[in-house]
Amino acid sequence: MEDQPNFSLALDLPASSQANKQNENKTQQARFPNLSEQELEKILAERHPARTKKTTNWSVATFKGGKVTIDRNSFGLNVVIMVPRSKSISNETGLCLLNNGPNVTSFAKGYRLEPSQSYFYRLPDPVNDSAVEYEIPCSCHKKDENGNPECIQKLPVYFPNVMDGTGNVILLTGKFNKKKRDTHISDDLTDEDYALFKGVIGSNKSHRRRRALSSKRNFTMENATDYCMEKVSKTDIGNLCATLGVNVPEIVISCSLDLKATGDPAFAISAISVLLDDCGQIVARNLSSYSNESNGDKQGNSSSSIFYNIAQKMCPNDCSLNGKCVNGSCICNDGFTAKDCAISLGNAPIISMLQGRGLCDKRQRPCKKVTVMGSGFINSTNVTCHVKEYKVINSSWTPDKTIQRFPGVMTDLVLVECYLPDSPVKHNFFDEAVEGTPAAGLTISVSNDGENPSYDELSFISYDSGCLSCNISSRCFLKSNSCLINKYCFAANEMNPTDFCSQCLPDINKNTWTKRQVNLAPQFASTSQYYAVFQETLELPIDVLDPEGMPVVVSLVNGGPTEAIIRENVLIWNATKDIMTHFLLKATDACQAVSSHNITVSLVNCQCQNHGRCVSHPDKPRGSGYYECHCLPGFAGDKCETDINECELYPCLRGNCTDYVNAYGCSCEPGYTGKNCSIDIDDCQASPCKNGTCYDALNGYTCQCNDGFTGYDCDVNIDECKSNPCIYVCKSPQNNKCFPQAVESTPLPRYR
């Protein structure tokens, strides 16, 4: 086995180009003419992410190097557990431990439980796994420099399998804080919905089992073995996997026992799934090994091509015996679809229940979509919800009795999410001129192809629970302690949305608004003491509520500072030098009930030093007296008490630093300049060498004089005729022109 990455994550997302997306939009627009282009685009945008929720394959990799794979099918679950082996068999126990025995069936019988028992009713016994030494996996092909197999010193947490090419999600186990779903005013499934669906699955499962037992085929052990051999070991992939070392006879025996006990041929597909999983691991490990071999290893390349050929013949569940495997993908026979050809197109889905038992309270949910539970769904963009409106209670609403089509999204093996037309039921709304609709009904069916809906139609009722009590069988009834005013629902004591001074009082009249009998005054918060600093612009929200939920207006009563104003129930005032300032506030609700409240604003000293400014603390309410300091540049600390020493960072590279307020100064060493003394002064910039080349030095320069010149700055003309003994002939003394005698001699250059 080769060393694998510690963590792998892959999602099977549909590949769709822009052209494909546009074609799908056009097709869907033709199928759903009752939806606007914007509505359809929004739904289509949600469909593909939602499809990833329909996960029928899960893989979980643990920190200890194990992997659990669960394959969910209509016939049940296939669970494969892979863990590193311990060096000592005595440290291993459990259902998944075969101990290298010859017969997996007899081994498993020792762990068999009665139908009412479960291994999951209690936690397993504690295990000191830190004391266990694990076997170290080694490569079958890669060798180190000494010719020994290369071994992995750490446990792998990813077990490769070519069947994972379809994209299983691998989750890393650990402690995560799972937040509870926020389902308030949402059509998402609640925990109660899931519990309802699970209860139905449990009850239906027992019914299905009884029906299956009464009509199952009778297989003898010999017939069951022949059937499983034909579907497993005698297939091309069965023969190929057997040559790789897969224990195909054991899989056939397990398949035969299941088939004899249940009479359900679907268990042959389960056996094929186990075969492909075992085979896929062997192929993937060898392909991984060969991919790391040297390109010069011809045998490795030849062997790898064999495994690639085998991988091309491996398809999910071997196409469920309803198709042909070509290049790793299933080409389904006519009438079948899905990645493993497991679903028959000729069968319409069977639906059994709606979310919330088909009831949708507009006070709790938008009622724009509903989840349908059933079976036989095909996960594709063709899933369609067929909807027809019907009248639940007498009102002015006219139902559309034509069948409307809305997109459906398969979110689980047994769940489809149906989008719905807008409900005419309106909560917390009133129009005296237009009659309302307190309840409306829909019949819903689902099809896989948009044409052949389920035989059953389920009823869906959206309603306002303020005045109605509804159930699917007997429809809706008016509650005794409520009002139905112009066909709009209101609970007892609820206000008229257009007139706060009238309300639903069913004891007086259930069909018209009644003038408010009791109007409680607004209530101020108990706080009366607030604080401000001098010249602060205090913006103090006034905490006041109306017991009946009416809007409240706060105002200043005469006697308060004339400079103060109240805007949208916020007191705005520029604090003066007065130690205490008093304000008298008045609160008035929509029906003119009034209350008053006195508050005092006291002046506090700003504690900020060095001209720092007090600002309201961001985590404390205004007026609470809590402030924080905003310091001037050059100061720090909670109270701006610290003068920042800018010299602490040693900004002067070649000099001495002097600290100032929010500044510093550098006294540069000789030869350096600049703000940070980082610039070496170029002493040659003034061209001091008159007749020569200047070379800059630290705080100075040197001159290399031209022939005939000397001096510090090469400014002295050499008199060659003064040499003694004279090695020159002076032909023109007045011009100092000298020429060499018989032997030509070159004078040496002079330096300072």
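## EGF-like segments

Residues 602-641 of this predicted model are 0% helix and 32% strand, with the end C-alpha atoms 25 Å apart. Residues 643-678 are 0% helix and 42% strand, and their end C-alpha atoms lie 26 Å apart. Helices (H or I, at least four residues) and strands (E, at least two) are DSSP runs, numbered from the N terminus.

An unreviewed UniProt entry lists "domain: EGF-like" for residues 602-641, 643-678 and 680-715. Such annotations may be inferred rather than shown by experiment.

## Largest cavity

The structure holds three cavities of 30 Å³ or more. A cavity is a set of points, on a 1 Å grid over the protein atoms alone, where a 1.4 Å probe fits but cannot get out; lining residues have an atom within 4 Å of a point. A volume is the space filled by probe spheres set on the points.

The largest cavity has about 80 Å³ of space. Its lining includes Cys367, Glu389, Trp397, Asp422 and Phe460. Strand 17 (439-447) and strand 18 (458-463) are the elements that give two or more residues to this lining, and strand 17 gives the most, with three residues.

## Second largest cavity

The second largest cavity has a volume of about 60 Å³. Among its lining residues are Phe524, Tyr530, Asp543, His597 and Ile599.

## Basis of the values

Residues are numbered from 1 along each chain as its sequence is written. Local features need pLDDT of at least 70 and side-chain atom pairs pLDDT 80 or more, whereas totals for chains, interfaces and linings use all residues, and side-chain values use heavy atoms, without hydrogens and water.

Notes: On a 1 Å grid over the protein atoms alone, a cavity is a set of points where a 1.4 Å probe fits but cannot get out, and a pocket is an open set with protein on both sides within 12 Å along at least five of seven lines; lining residues have an atom within 4 Å of a point.
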